[in-house]
Amino acid sequence: MSERPNGLTYAQAGVDIDAGNALVQRIKPLAGSTARPGSIPALGGFGALCDLRAAGYEDPLLVSTTDGVGTKLMLAIKTGRHGTVGVDLVAMCVNDLLAQGAEPLLFLDYIATGKLDVDAAASVIAGIAEGCRQANCALVGGETAEMPGMYAGDDYDLAGFCVGAVDRDKVLPRLADQRAGDLLIGLASSGPHSNGFSLIRRIVERSGLGWEAPAPFASGQTLAEALLTPTRIYVRSVLPELKAGRIKGLAHITGGGLVENPPRAVAEGLVPRFDWNAWAAPPVFEWLQGVGGVADAEMRRTFNCGVGLMLIVGPDDMPSVLANLAAAGEDAFVMGQLAARGS
């Protein structure tokens, strides 16, 4: 292809290939820090491999998930705090894998922006790497797309993709094993996690507080810092219980809250019955409800209300599961039980 004098360049069109290459070099050590048995990363290549036998599986099923962070990103962008939304991205995917009984193995990210800010993107990916380390999941690749005209100003969006594995006889939910009287165990959330932020932003607007104002519900933090608290990752604490076969079902409490998510893990003919007084939600939820005037039913359908995961456990297994989760650092509590529909 012949050279043309004064021809346009990709950089003049708004895409900086050199910045993209610089980002790849910045994040290689971050990806390397997430290596785990079975992962064969190829950062900068066209794909990545996974050796399932080296990961400890003989007859596995693969499970895949994808998710984003939602409008929580708008708070990170507005305040220039990019370091924790990567943890959220990983958490939303790997906690979904737990709901199928699966162990996270490989994670890939997608970052789309109008103009690549290498420092901001590196901060996001550092958070992704931290999330992967918490989940014992290898960050094996990703894509950064610079699309001028598609995104304005400093805006960017994130998507995550995770692949996990589960032995064929450990797939959840185990619907045939569930019975009325099985107990529901809640694992405490760190706050809203990554759901309900469109409503949260409206409530903050109504409150009249700025993002840098002291958080009314969190001592020593600004409102932005408190609301950007990352989603908890439950992999290391819950996976041993899954592999031991002590969990019959699991719901990740995300969009739809405690109304729409639990039934996805429950057998037909059974319903979850919650004791709403069995746990104390983090103070952020009381503040959001009070300032926003949000009804109880709307809170329960929008937010996790203090419960990040719901486990279904038989009565005989409940004491050991609770003890093991507490030893692993979780705030775990019985929040209800399964009942026959119509009872």
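Is Cys137 buried or exposed? In this predicted model, Cys137 is buried, with a relative accessible area of 0%.

**Cysteines**

Cys93 is likewise buried, its relative accessible area being 0%. A search of the whole structure finds zero disulfides, a disulfide being a covalent bond between the sulfur atoms of two cysteines. For Cys93, the closest cysteine sulfur belongs to Cys162 and lies 6.2 Å away, which is too far for a bond. For Cys137, the nearest cysteine sulfur is also that of Cys162, at 3.8 Å, and Cys137 is in no disulfide, because the two sulfur atoms of such a bond have to lie within 2.5 Å of each other.

Helix α3 covers residues 85–98, 14 residues in total, and reaches 20 Å from its first C-alpha to its last, close to the 20 Å expected at 1.5 Å a residue. Of these 14 residues, 13 are buried, so the helix is largely enclosed by the rest of the structure.

Thr231 is placed in the loop between α6 and α7, the latter spanning residues 235–243. Although Thr231 belongs to a loop, this residue is buried, with a relative accessible area of 2%. The side chain of Thr231 makes a polar contact of 2.6 Å with the side chain of Asp88, and a polar contact of 3.0 Å joins the side chains of Thr231 and Ser194. When neighbours within four places in sequence are left aside, the residues in contact with Thr231 include Val87, Asp88, Ala91, Met92 and Asn95, and also Lys72, Ser190, His193 and Ser194.

**The aromatic cluster**

The structure holds five aromatic pairs. In one of them, the rings of Trp276 and Trp279 have their centres 5.8 Å apart and their planes at 45 degrees, so the pair is tilted; the angle falls in the tilted class because planes under 30 degrees apart would count as stacked and those over 60 as edge-to-face. Ring pairs link Trp276 and Trp279 with Phe274 and Phe333 into a cluster. Trp276 is partly exposed, at a relative accessible area of 31%, whereas Trp279, at 12% relative accessibility, counts as buried. Which residue lies over the face of Trp276? That residue is Arg300, at 3.8 Å from the ring centre.

**Two glycines in loops**

Gly208 is found in the loop between α5, residues 197–207, and α6, residues 223–227, while Gly153 is found in the loop between β5, residues 138–146, and β6, residues 156–167. Gly208 is exposed, with a relative accessible area of 63%, and Gly153, at 58% relative accessibility, also counts as exposed.

| Residue pair | Apart in sequence | C-alpha to C-alpha |
|---|---|---|
| Gly208 and Gln221 | 13 residues | 17 Å |
| Gly153 and Ser190 | 37 residues | 31 Å |

Terms used
Residues numbered from 1 in each chain as written. Predicted model: local features only at pLDDT ≥ 70, side-chain atom pairs only at ≥ 80, totals over all residues. Heavy atoms only, no water. Helix = DSSP H or I, 4+ residues; strand = E, 2+ residues; numbered from the N terminus. Expected span 1.5 Å × (residues − 1). Buried < 20%, exposed > 50% of the residue type's maximum accessible area, 1.4 Å probe, protein only. Phe/Tyr/Trp six-rings, centres within 6.5 Å; stacked < 30°, edge-to-face > 60°. Lys NZ or Arg CZ within 6 Å of the ring centre and 35° of its normal. Polar contact = N/O pair within 3.5 Å; in protein donor to acceptor, adjacent residues only side chain to side chain. Contact = heavy atoms within 4.5 Å.
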